[in-house]
Amino acid sequence: MAPKAKHTLAREHLTTAQHELAEGALLPAIMFLHLAAEAAVVSLAEGEGIDTKKRHDRKADAAQELFRRGLVPEDLSEALRSLNQVRKDATYEGEDPNLDAEDLEALSEQIEAIVVAAEERAE
Amino acid sequence: MTSPTRTKASLIDQNWRSDAVWAARLASDRARAAHNQTAAQRSVTATVLERALSQGAEAVALTGSTARNRRTAISDLDIHIVGSRPRFEDLNEGLDLYATSADVLWERLRAGDDFIQWTLRFGCILVDHDVFRPALAEIVETGLWPDPQRKRDRAKELLAFAERIIATGDLDAAQDQTRAALTTAARWLLLANGEFPLSRDELSDQVLDLGCFDLAAALSRLIHADPTLQELATGIEIGRLVISLPPRRARRAALAR
C-alpha cells in the first residue's frame with residue numbers, strides 16, 4: 001500500500017474517530033482523533049516548511065506556530081499534548097482515558113477545523 | 001511472581017534499608033540525571049519537579065531512555081511521579097509523565113507491573129519521601145519479578161491496533177504503533193526469559209542476545225530507520241509469532257522464508 005497525502009489521512013482518521021465516538025468506543029476515538037489532528041498539522045506544517053521530525057512534541061509546537069501564522073483558527077498545541085499523554089497512558093499502562101464523550105465531541109469539532117484548513121490548503 | 005530463570009547478581013541487589021546505601025544511590029542518581037539531560041531538559045524537569053512537589057508529590061524520578069543515557073531521535077523525557085500529575089501542556093518538550101498515588105504504585109508493583117520496577121531499578125530518583133525506597137527493598141527481599149503475561153496481553157492488543165493503522169496507509173502513525181507493539185512483545189520475551197528489559201534502544205541487542213534475530217532486526221529498523229508499510233506488516237507477523245510461542249521457543253522465533 002502506498003502512503004497517502006496527509007490531509008486525506010487527516011479526514012479519514014477524523015471520520016473513523018467520529019464513528020468510534022458514536023459507537024461509544026472512547027479509546028479508539030482518542031487514538032484516531034490524535035492521528036487526525038497530527039496528520040492535519042503535519043500537512044499544513046510541511047506546506048510552511050516546518051519540520052516536525054516525526055515527533056509528537058514537534059507536532060504540538062507546529063500547531064502553535066500555525067496558529068501564530070493565522071493558518072488555523074485555534075491553537076491546538078495543548079490539546080495535542082494532552083491527547084498524546086492520554087493515548088500513551090492507555091496504550092502502555094492500560095489506564096482508562098480521563099476524557100469523556102463530551103470532551104471528545106468538543107475536541108472533534110476543534111480538530112475538524114484544522115482538518116478543513118489542511119484540505120483547503122492542499123487544494 | 002519471582003524471576004523464572006534469573007541468576008545474575010544485579011545492581012538492584014543491595015540493602016536499600018541502609019541509610020548509607022540509600023544516600024549513595026540518591027547522590028549518584030542526581031548526578032546522573034544532571035549529566036544525561038541537556039540544559040533545556042534539565043529546566044523542564046526542574047519545572048515539573050517543582051510543580052509536582054507543590055501539589056504534594058511523595059516521590060519523583062527521571063526514568064526511561066534519558067536515565068539510561070540512551071536517548072534516540074524519538075525519545076521523550078519520562079518522569080515518574082508519585083502524586084498527582086502537574087500541568088505540563090505548556091512545556092515545549094516531548095514529555096511523558098507517569099503519575100499515580102503511593103497506594104496505586106504498591107498495588108501495581110505487587111500485581112506485576114514492570115514500569116514501576118524499571119524506575120526503581122534504572123531510574124534517577126530525584127526526590128523520595130519513603131515510597132521508592134521501601135518499594136525497592138521489597139523487590140530485593142521478596143524477589144518480586146514483573147508478570148510477563150501482562151506484557152503479552154498488551155502486545156496482542158497493540159499488534160492488532162498497529163495492523164489497523166498500517167491498513168490506513170498512514171506511514172508515520174503505523175511506524176509509531178508498530179514500534180509500540182514490537183517493543184511490548186520484546187519486553188514480554190525478555191521478562192519471560194528472566195531478563196529485565198532495558199531502554200527501547202537497548203531492546204534489540206537484548207533480544208538478539210536471546211537469539212531472536214527477526215524481532216531484533218525489526219526493532220532496530222523501527223528505532224533507527226524508516227521502514228515501509230510492507231516492512232511494518234512483516235514486523236506485525238514477527239510480533240504475533242513471538243508472542244504465540246512458549247517463552248523458550250519464542251527465543252528462536254523466525255519467519256519462514
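Hi everyone. A quick definition to start: when I say helix, I mean a DSSP run of H or I that is at least four residues long, and helices are numbered from the N terminus. With that in hand, chain A reads α-α-α-α-α along its sequence. Please keep in mind that this is a predicted model.

Let's stay with chain A for a moment. There are 5 helices and 0 strands in chain A. How does the radius of gyration of chain A compare with the globule rule for 123 residues? The value for chain A is 14 Å, close to the 14 Å from the rule, so chain A is as compact as a globular protein of that length.

Now, where the two chains meet. Chain A puts 22 residues into this contact, and chain B puts in 20 residues. On the chain A side, α1 (6–22), α2 (26–47), α3 (56–68) and α4 (77–93) each supply at least two residues. Which helix gives the most to that side? That would be α4(A), with 7 residues. By residue class, the side of chain A that touches chain B has 11 charged, 6 nonpolar and 5 polar residues.

On to chain B, which is divided into domain 1 (19–142) and domain 2 (148–250). The C-alpha centres of these two domains of chain B are 25 Å apart. Their contact involves 8 residues of domain 1 and 11 residues of domain 2. On the domain 1 side, α3 (64–68) and α5 (114–122) of chain B each bring at least two residues, and α3(B) gives the most, with 3 residues. That side of domain 1 has 4 polar residues, 4 charged residues and no nonpolar ones.

Last stop, a helix pair in chain B. In general, two packed helices are described by the angle and the distance between their axes. For α8 (residues 171–192) and α11 (residues 229–244) of chain B, the axes come within 10 Å and cross at roughly 20°. Angles under 35 degrees count as roughly parallel, and α8(B) and α11(B) are therefore roughly parallel to each other. Their crossing is left-handed. Among the contact residues are A174(B), A181(B) and W188(B) from α8(B), and G235(B), I236(B) and G239(B) from α11(B). And what is the make-up of this contact, by nonpolar, polar and charged residues? The contact of α8(B) with α11(B) has 12 nonpolar, 4 polar and no charged residues.

Terms used
Residues are numbered from 1 along each chain as its sequence is written. Chains are lettered from A and ligands numbered from 1 in the order in which they are written. This is a predicted model: local features need pLDDT of at least 70, side-chain atom pairs count only at pLDDT 80 or more; totals for chains, interfaces and linings use all residues. Domain bounds come from an automatic or database domain assignment. Two residues are in contact if their C-beta atoms, placed from the backbone, lie within 7 Å. Ala, Val, Leu, Ile, Met, Phe, Trp, Tyr, Cys and Pro count as nonpolar, Asp, Glu, Lys and Arg as charged, and the others, Gly among them, as polar. Axes are lines fitted to C-alpha atoms, for helices over the stretch in contact, and angles run from 0 to 180 degrees between N-to-C directions. Angles under 35 degrees count as roughly parallel, over 145 as roughly antiparallel, 65 to 115 as roughly perpendicular and the rest as oblique. A crossing is left-handed if the near helix is turned anticlockwise from the far one by less than a right angle, and right-handed if clockwise. The radius of gyration is taken over C-alpha atoms; the globule rule is 2.2 Å times the number of residues to the power 0.38.
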